[in-house]
2 protein chains.
Amino acid sequence: MSNFSSDKEKLFVIKIGGNVIDNSAKLDSFLKDFSVINSKKILVHGGGKIATAIGEKLGIASKYIDGRRITDNKTIDLVTMVYGGLVNKQIVAKLQSINCNAIGITGADANLLPAEKRPVKEIDYGWVGDIFRENINPENWKLFLENGLIPVVAPLTHDGTGHILNTNADTIASVIAVVLSSFYQTNLVFCFEKNGVLENVNNEDSLISKLTFNDYLSLKNSDKLFAGILPKIDNAFDAINKGVNEVIIGNSSQLASLINGTGGTKFFFNEQ
Amino acid sequence: MSNFSSDKEKLFVIKIGGNVIDNSAKLDSFLKDFSVINSKKILVHGGGKIATAIGEKLGIASKYIDGRRITDNKTIDLVTMVYGGLVNKQIVAKLQSINCNAIGITGADANLLPAEKRPVKEIDYGWVGDIFRENINPENWKLFLENGLIPVVAPLTHDGTGHILNTNADTIASVIAVVLSSFYQTNLVFCFEKNGVLENVNNEDSLISKLTFNDYLSLKNSDKLFAGILPKIDNAFDAINKGVNEVIIGNSSQLASLINGTGGTKFFFNEQ
């Protein structure tokens with residue numbers, strides 16, 4: 001918990017998923033909202049369905065074992081191309097056109113996100129990387145941020161022995177926010193297709209705008225929350241526990257309100 | 001011409017083409033040689049046949065008009081994926097494994113290489129970018145170099161209005177070397193499949209190891225040189241004219257000797 005966080009400069013770490021990336025109009029609108037955020041900022045993007053579509057044309061079928069996606073040799077090349085090349089550079093070029101000095105990176109670049117290939121146990125996930133925040137050197141992140149560069153991060157890491165690894169974008173966003181919370185007042189924003197944590201998953205107006213850990217425990221015990229949101233909430237409180245100032249979950253079409261505090265669900269460890 | 005160049009720190013700008021990229025063993029060997037260069041350095045890579053191979057699988061045919069490649073909508077997405085993603089990040093991950101803190105970039109990243117879409121005259125080249133050195137801000141190049149980062153540059157630029165552009169890797173290497181010659185003693189190294197400029201194109205032992213501009217004019221007048229090498233030589237002297245300290249052309253399998261001055265052809269404007 002960051003008792004002295006208000007002395008530090010603000011940093012937004014914002015994650016967008018495939019639902020934005022796959023829709024050109026949504027993406028343009030999101031990037032416009034992102035471009036006007038008047039603080040230090042980092043954008044982490046997921047993959048989107050385009051990798052699956054291109055993979056199908058190339059004869060690379062998506063493989064799953066027990067519902068978990070497997071990253072084999074062909075799939076890691078596919079996502080390196082699509083996430084690290086096509087998606088990442090298109091976002092960078094668009095941001096450059098609206099006064100955002102974006103720099104597109106993967107975790108291999110400047111060794112920003114060293115990772116470890118997930119050990120083979122019951123399942124061999126293939127080229128999947130797990131990141132540990134104690135292995136991340138914050139210096140190059142700070143170098144970019146302090147020099148006006150805006151990192152745009154593809155969900156790829158590397159193992160230090162020459163291999164690119166596939167890593168979950170939510171995890172990357174959380175870890176970056178935690179690591180940089182030693183230097184900045186970090187605000188972690190997860191954008192998805194819902195307005196935030198809802199009391200009734202079918203009613204977007206039933207938004208819970210502020211959630212403390214105690215509130216969460218009460219709601220969870222009363223079985224009010226949609227089960228699918230629970231892992232996201234657990235992640236949010238985990239990030240706050242490890243030094244992130246604030247976590248916000250909300251709709252990618254309402255980024256401005258997520259940033260200015262009028263939209264989405266904000267998580268606080270303690271009552272504010 | 002850089003009369004005071006010896007006061008500046010040395011910088012190698014090294015270009016490799018498709019013949020290295022398409023051969024995994026050659027690439028590994030080249031990168032090992034690159035990794036031990038004990039000076040500031042930048043690597044510029046071309047594309048290779050892999051883009052054509054992936055394009056064919058995706059149903060994207062290479063288009064040519066009068067022998068000139070055309071970059072249409074599908075082709076720019078293809079090369080953004082393959083050059084900016086697959087090739088670039090694989091090189092970065094390999095360099096990271098051998099103690100080179102590489103950072104893979106395109107010209108869109110950090111606005112490193114702003115370009116202009118080639119105007120449509122007799123031929124519409126499509127999404128091809130021309131770069132002009134006066135438009136390039138050297139600050140972020142210097143930021144990376146002064147902080148121990150080694151740029152690995154894909155042959156892509158951007159137009160500032162949201163579009164990635166395809167730009168020749170030789171041209172990118174030359175322009176970077178010229179722009180940075182104000183700050184470093186730049187040495188521009190073009191690696192290709194021959195040992196350098198040869199008096200007899202069929203005899204790799206007929207290497208001309210040093211070539212001044214006057215020597216070149218004499219050789220050219222005597223019709224001794226292979227016609228295909230003339231544009232490369234003209235480019236080399238053009239770079240020297242604009243401030244590059246030395247240009248070297250030679251075999252990608254002999255990088256160490258190109259760097260230490262015992263291999264390839266070195267171009268000097270004046271007698272040394």
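1. Basis of the model. This is a predicted model, in which local features need pLDDT of at least 70 and side-chain atom pairs count only at pLDDT 80 or more, whereas totals for chains, interfaces and linings use all residues. Residues are numbered from 1 along each chain as its sequence is written, and chains are lettered from A and ligands numbered from 1 in the order in which they are written.

2. Chain A as a whole. Chain A contains 9 helices and 14 strands (DSSP runs numbered from the N terminus: H or I of at least four residues for helices, E of at least two for strands). Its radius of gyration is 18 Å, close to the 19 Å given by the globule rule for 272 residues, so chain A is as compact as a globular protein of that length. The radius is taken over C-alpha atoms, and the rule is 2.2 Å times the number of residues to the power 0.38. The C-alpha trace spans about 50 × 45 × 40 Å along its principal axes. Of the 272 residues, 48% count as buried (20 or more other C-beta atoms within 10 Å of the residue's own, with C-beta atoms placed from the backbone; exposed means 12 or fewer, and partly exposed is in between).

3. The sheet of chain B. An open sheet of 8 strands runs in the order β5-β8-β2-β1-β11-β13-β14-β12, with mixed pairing (two strands pair if DSSP finds at least two bridges between them). β5 and β12 (210–212) of chain B are at the edges with a single partner strand each, so one side of each has no neighbour in the sheet. Neighbouring strands are turned by 20 degrees against each other on average, direction ignored. β5(B) pairs with β8(B) in the parallel sense over 4 bridges, and B:Ile105 has B:Val153 in β8(B) as its bridge partner.

4. Helices on the sheet. α4(B) packs on the sheet and touches β2, β5 and β8 of chain B, its direction making about 175 degrees with that of β5(B). Contact here means C-beta atoms, placed from the backbone, within 7 Å; axes are lines fitted to C-alpha atoms, for helices over the stretch in contact, and angles run from 0 to 180 degrees between N-to-C directions. α8(B) lies across β11, β13 (246–251) and β14 (265–268) of chain B, at about 150 degrees to β13(B). In α6(B), 10 of 12 residues are buried, among them B:Ile172 and B:Leu180. The buried residues of this helix pack against elements of chain B including β1 (10–16), β2 (40–45) and α8 (230–241).

5. The contact between the chains. Chain B contributes 33 residues and chain A 34 residues. On the side of chain B that touches chain A, α4 (73–96) and β5 (102–105) each supply at least two residues, and α4(B) gives the most, with 13 residues. That side divides into 12 nonpolar, 16 polar and 5 charged residues (Ala, Val, Leu, Ile, Met, Phe, Trp, Tyr, Cys and Pro count as nonpolar, Asp, Glu, Lys and Arg as charged, and the others, Gly among them, as polar).

6. Backbone at position 110. B:Ala110 has a positive phi of about 55 degrees although it is not a glycine. B:Ala110 counts as buried because 28 other C-beta atoms lie within 10 Å. In chain A, A:Ala110 likewise has a positive phi of about 55 degrees, and its place is in the loop between β5 (102–105) and β6 (116–117) of that chain.

Key. Two residues are in contact if their C-beta atoms, placed from the backbone, lie within 7 Å.
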